[in-house]
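Visitor: Could you walk me through this one, sheets, interface and helix packing included?

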Amino acid sequence: MKTLSLDALKILDLADESASYCSRLLADMGATVTKLEHPSGDPSRKFGPFYRSARGEEKSLFFQHHHQGKRGITLNLRRKQGRDIFRRLVQSQQVVIETFPPGYLDKIGLGFKALSQINPQLIMVSVTGFGQGGECGGHKSCDLVAAATGGQVYVSGSPKTPPLQPFGGQAYYIASLYAAIAVLLAVRKAAQENKGAQVDISLQEAAATTLDHVLTRYFSRKTVSTRQGNRHWSDVFGVVPAQDGHLLLSPFIAWPTVVEWLAADGGQKDLGGAAWDRPEYRAALAGHVYQVMAAWSENHPKNELFQTAQLMRLPWAPVFAPGEVAQSPQLKARGFLNAGGPDKRSRGLKTPGLAAPSGKSRAAKAPELGQDNLAVYHKELGLSLKEMARLKKMKVI
Amino acid sequence: MLAGPFCTRLLADFGAEVIKVQCRKTATGAEDNLTPQFNAWNRNKRGVTLDLSFPEARELARRLVVISDVVVENFSPRVMENWGLAYPALRRIKPEIIMVSISAMGRTGPWRDYVAYAPTIHALAGLTHLTSFGPEEPLGPGFPLADVAGGLFAALGTLAALQQREADGKGRHLDLSVYESVCSLLGPSLLHAAADQAPLPPAGNRPTVAPAAPHGVYRCRERDRWCAIAVRTNEQWRAFCQTLGQPAWCGQRKFATLAARMKHSAELDGLVEKWTRRRSPQRVAALLQEAGIPAGVVQDAADLANDPQLKAHGFWDEVSHPALGKMVCDRQPMRFVGEAPGPLKAAPLLGEANEYVFKKLLGLSSSQYSRYRRMGVIA
């Protein structure tokens, strides 16, 4: 079977906010993604942060980021006619992305087995809190619970504070990246084996794959990593105050260069001297080293230290708030923040490493509710306008 | 930056033959083959050694490119050019080659030469500031999200380029910025700032995606043991109150709706913690899950290693490393239903596949191979 070109891929997106970013990525690479919403609208249209226009309209930037480049249709899967229409849609689509509780789609006759009868090449990627099976298969999750059960929360935060969640639903993004990768792996496999597949992804596991040293230190030495605030677990990195904010730095990478710099500024205190040449000595006195660094750095603006450090190839950076990130000359030069919108409301971010094969960039726009009902139901499925009106009245679409 | 190894590890796990080219001189620290970390990041790969300061080694590298589909690298553009291994040169010898260049900032722009590790990227992308209880003490995540995010975007881009090449026969050069990868995962906040909206504060453990209250991490009975709880709907709130035995405070007007609970979340959190403090986190999670409420233990490494769900779902596997012995590894989270996951093989020893790659794949004679070894070309 010939492998499909990316812009011939057709995807049905049934995912909630826990994996909606997956098919945004697929749209970025040229696939035609159709997002299904209940006629009353996806709840994530009400998730902040919001863009508030001068006229008082409110648009969810979460929804914008997760759904740009997709088509939008309304369909009520709780109604039998809705499910019948879904079965018709599946005939011409290659992929379904879903996040329903395990067993729900089977219960309503739209599970993988049932849909494979209609379309034997179909790929279904299922993202849930804990996976399809096991004792916790049916347990409820969300980004906080995934991050907590997946080990991210325990190692974040400071010894003086409670454990801390990563900002912004990171477990959802990581799982969505895995899901998009799974789609491409499955499409390749389907072409080779001439049949579809279901892929099962757990949010807990997705979170747990980001832990790196937390796992290797445990499995090699039974060390249980604990939260260290903004200090790297190895003490190699830490955050110090600057005159106008904070700076992430490493005193220990290129130690002689760092000490020389401090000395030139009169800030080295007792850090010169042969004893400090030994890494074990420096490691044992890391706390003191950071105090000396802080006493020096708090007299300098963070951007000045950043630019000077990077000239000396030191991996230092200012701690930016989003407003400062948006001003980054690097992101501006690379057109990252553009992309495609005529005004501030319809901006999108350019996804790293992906470009639609046809070279056409998709509109950086998330669909309005039911925006493509006509295109999909009337033009593609052949429903008459009268039929569509009737279904709308019955709240099926 | 570990985004490169993370990318190729994923491809290796799903059946790609990945040849990791190392140099004996630089196989230290994170590149030391005999560390548990190296094993975790480089399992399932083959390892060869080349000293690219030799022209003969660079010629061998070019011959490797000719028999490969993809080249993944994270050197500076200048280094690759000096070695004659930049994309224009590789394209001449193999027009359909897919080159994936991973760098901290991308190959262009005023910061293209900047040096960064994961904490650097987190600070620049806004993640350190936002993942905090307040702006006065930036904390950031205690794990290297940047390395995984960069690796995943790189793997996704690689697979997309491969797919597209099968359809149109063309090679491609991907320019992957780890900085942009993390910024993408903070998309809504960045779009918000770019549209000049009022700054979003660090959220602590308050909701950052869907509204919820109670929402947070609550202290339990044992020392430093916590349970994460998120009550997202009024229906869940009613079940929550029921599970707690309908304490009087549950019925107060100020907690009656989600909006009201969010407004009074600090007070609400204090009341919830009075209940969780008397119980183990496992008990709290079990009671709430039974009532249909998202809840889970804040797990540490030991909890993860012994987690029955991770075990049942097949997250853990074991490899036999010739020097390190048996090492537990995590599997890829994408499970093809009805199929056993692919085998995990330990990371290679330094130069382990030199004979296989240079003699068998490239066809070097025994005497040519020995000569290169003596010279230090194949280090």
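Predicted model: local features only at pLDDT ≥ 70, side-chain atom pairs only at ≥ 80, totals over all residues.

Visitor: Which residue follows α10(A), with a positive phi?

Guide: Helix α10 of chain A covers residues 255-264. The residue that follows has a phi near 75°, and that's A:Gly266.

Visitor: Why do the buried residues of α10(A) line one face of the helix?

Guide: A residue is buried if 20 or more other C-beta atoms lie within 10 Å of its own, exposed if 12 or fewer, and partly exposed in between, with C-beta atoms placed from the backbone. In α10(A), A:Val258, A:Val259 and A:Leu262 are buried. An α-helix has 3.6 residues a turn, so residues three or four places apart point the same way. Taking directions from the helix axis to the C-beta atoms, the buried residues of α10(A) line one face because they fall within an arc of 95°.

Visitor: And which residues are exposed on the other side of α10(A)?

Guide: The buried residues of α10(A) have a cover that includes α12 (286-297) of chain A. Across the helix, the exposed ones are A:Pro256 and A:Ala264.

Visitor: Which helix gives the largest share of the side of chain A that touches chain B?

Guide: Counting two residues as in contact if their C-beta atoms, placed from the backbone, lie within 7 Å, 119 residues of chain A meet 111 residues of chain B. The largest share of chain A's side is 13 residues, from residues 170-193, which is helix α7 of chain A.

Visitor: What is the bridge partner of A:Asp200 in β11(B)?

Guide: Two strands pair if DSSP finds at least two bridges between them. Strand β8 (residues 197-202) of chain A and β11 (residues 335-336) of chain B run antiparallel, joined by two bridges. They belong to an open, mixed sheet ordered β5(A)-β2(A)-β1(A)-β6(A)-β7(A)-β8(A)-β11(B). The partner of A:Asp200 is B:Arg335.

Visitor: In chain B, which residue of β4(B) stands opposite B:Val71?

Guide: There's an open sheet of three parallel strands, β3-β4-β5, with β3 (70-73) and β5 (172-177) at the edges. Four bridges join β3(B) to β4 (residues 98-103). Opposite B:Val71 stands B:Met99.

Methods
Residues numbered from 1 in each chain as written. Chains lettered and ligands numbered in written order.
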